[in-house]
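Student: I'd like to go through the pockets and cavities in this one with you. Can we start with whatever lines the open space?

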Amino acid sequence: MNDAWARIESMERLPLARLFSADSERLSKMVIEESGIRFDFSKTHLTPELLGAFTELADEADLEGAREGLFSGREVNITEARAAEHSAERGQGAPESVARAQNLHARMRALIDAIEAGAFGQIRHVLHIGIGGSALGPDFLVDALGRIAGRFDAAIVSNVDGTALEEAVAGFDPEATLVAIASKTFTTTETMLNARSALAWLGEGGVADPYGQVIALTASPERAVEFGVDETRVLPFSETVGGRYSLWSSIGFPAALALGWSAFEELLEGAAEMDRHFRFAPLERNAPVLAAFVDRYYANVRGAETRAVFAYDERLRLLSPYLQQLEMESNGKSVRLDGRPAGRDTAPITWGGVGTDAQHAVFQLLHQGTHLVPVEFVASVEPGHRFDPEHHRQLLVNCFAQGAALMAGRHSDDPHRSYPGDRPSTTILLDDVEPRTLGALIAFYEHRTFANAALLGINPFDQFGVELGKEMAKAMDGDGELEFDPSTEALMARAFGDSLE
Ligand code: F6P
């Protein structure tokens, strides 16, 4: 074990209440205000001493070198031999990559202008078809911000279950619908099948030239053209932008269309602000880095297997599924960059929901269960509605009360009514849920994921773990020569009869 880990693991474990009473400056040390967001780590067990030791660990792991590699366009994704240039989409990166991203954004904007000018007829709906990173980010953005703008209706379809597509198009007029096929590779089975069914739906709905209402968002433009999409309606993005980091590229098209181009630009600018903070702020005052230290501390020192995120804002209800892919697909790995075993737990299981609903469902376990679960609360000072301000007051009061209760606990002689307390939480408080702040928040999560990976020495940018299941499904769907285990064979026989045998 290296020195910094040894120091971290041997450090005294004081309860949260003691950390506050022993240090009147705790808040100023553990709270960071950045890009319109307050990151409050004070209700975690992070101390100045731990912070020092983690900073040492970051030096040993060369976090700063990795960070420079990320921003300068070095080949940080070594298993796939490419750079990871999502920040170039926000203007932060290697100059040639930034220039290329700007050109591609200009092309995206021109297409949006054309749609707004009626080049595709009277388009009112956009049906975005993609999965994983090609759906979760756009869905999160449209859901969080789109309800105010109300320009175009956007529906995001991902599941191969036809019910999803059926529901998405239920209120749509085919003549007024633009179909956006979003796939980095343009090979993903679910997306291709949904795209073909959407084309059929357009045709059945009386659209004479269904392909005339289709656009493609992809890093494989030649495959999109082969599929039948007109070259002028293909919005490419760079191969070096990873799927789960791609909402800033043309994959963000439905958000840009639904919100308007200037809102999309504000989103990028908010992310760029967070990029600059992550790149230049000292490690001990760096929000994504501190969050990663907290993640590592609970996962590797206190044995927490999960981490829960609760958005106390209906606009952020898709934050948790978005984060699940970002964090678990990026850092759910068992080997280091050089192929050696990781040697310690990597990504915890990310789960969560929306407050206050979750309080009446899962919070029992958080307050009195046997598992240690670091909790993250995400809320906004400004409400997203015009009803009685009391709604928002209640929402925030509940959010803050939960963090306080988890920490304080309460003793009772009746063990059933006792709360152990000393349970950690982080609070992330946004000024408002608007494009700039949301851009900064998402970039914060991306960089936190990267910082975690750097501390662990793993590659956050590949996802080979998803391949085996895909291959098996293809084999099962193929000529039937491959033999599966008896349980699987029996399931297939029960569901398909002889049709696959
Ligand atoms: O299944 C994993 C994955 O490769 C994700 O990483 C990706 O976001 C998703 O599939 C969709 O891929 P594509 O954009 O190429 O269709």
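Predicted model: local features only at pLDDT ≥ 70, side-chain atom pairs only at ≥ 80, totals over all residues.

Student: How does the lining of the largest pocket divide into nonpolar, polar and charged?

Tutor: You get 16 nonpolar, 16 polar and 11 charged residues.

Student: Which residues come nearest to the ligand?

Tutor: There are 14 residues around the ligand, and S134, S183, T185, T188 and E329 come nearest. By class, that shell has 2 nonpolar, 8 polar and 4 charged residues.

Student: What lies 2.5 Å from an oxygen atom of the ligand?

Tutor: A polar side-chain atom of T188. S134 also has a side-chain N or O atom 2.6 Å from a ligand oxygen. G133 uses its backbone instead: an N or O atom there lies 2.7 Å from an oxygen of the ligand.

Student: How much of the ligand's exposed area does the protein bury?

Tutor: Taken alone, the ligand exposes 390 Å², and the protein buries 88% of that.

Student: Let's change topic. What's the volume of the second largest pocket?

Tutor: About 540 Å³. It is lined by 30 residues, with R336, A454, L456, G457 and I458 closest to the centre.

Student: Which elements give two or more residues to the lining there?

Tutor: For the second largest pocket, those are α4 (48–60), α5 (63–71) and α17. The largest share, 5 residues, comes from α17.

Student: Now the cavities. How many of 30 Å³ or more does a search of the whole structure find?

Tutor: It finds 6. The largest cavity has a volume of about 120 Å³. Of the 16 residues lining the largest cavity, V294, D295, Y298, R307 and P374 are the closest to its centre.

Student: Which elements are in on the lining of the largest cavity?

Tutor: Giving two or more residues, you have α13 (287–301), β8 (306–312), β10 (375–380) and β11 (425–430). The largest share is from α13, with 4 residues. By class, the lining of this cavity has 8 nonpolar, 4 polar and 4 charged residues.

Student: How much space lies in the second largest cavity, and what lines it?

Tutor: About 100 Å³. Its lining includes D295, R296, R307, E327 and N331. A347, P348, R448, T449 and N452 also line the second largest cavity.

Student: Which elements show up two or more times in the lining of the second largest cavity?

Tutor: α13, α14 (319–331) and α17 (435–456) each give two or more residues to that lining. Here α17 has the largest share, 3 residues.

Student: Last one: how many nonpolar, polar and charged residues are in the lining of the second largest cavity?

Tutor: It has 2 nonpolar, 3 polar and 5 charged residues.

Terms used: Residues numbered from 1 in each chain as written. Heavy atoms only, no water. Near = heavy atom within 4 Å. Polar contact = N/O pair within 3.5 Å; in protein donor to acceptor, adjacent residues only side chain to side chain. Areas by Shrake-Rupley, 256 points an atom, 1.4 Å probe, with all protein chains shown as cover. Nonpolar A, V, L, I, M, F, W, Y, C, P; charged D, E, K, R; others polar. 1 Å grid on protein atoms, 1.4 Å probe; cavity = no way out; pocket = protein on both sides within 12 Å on 5 of 7 lines; lining within 4 Å. Points joined across faces, edges and corners; volume = space filled by probe spheres on them.
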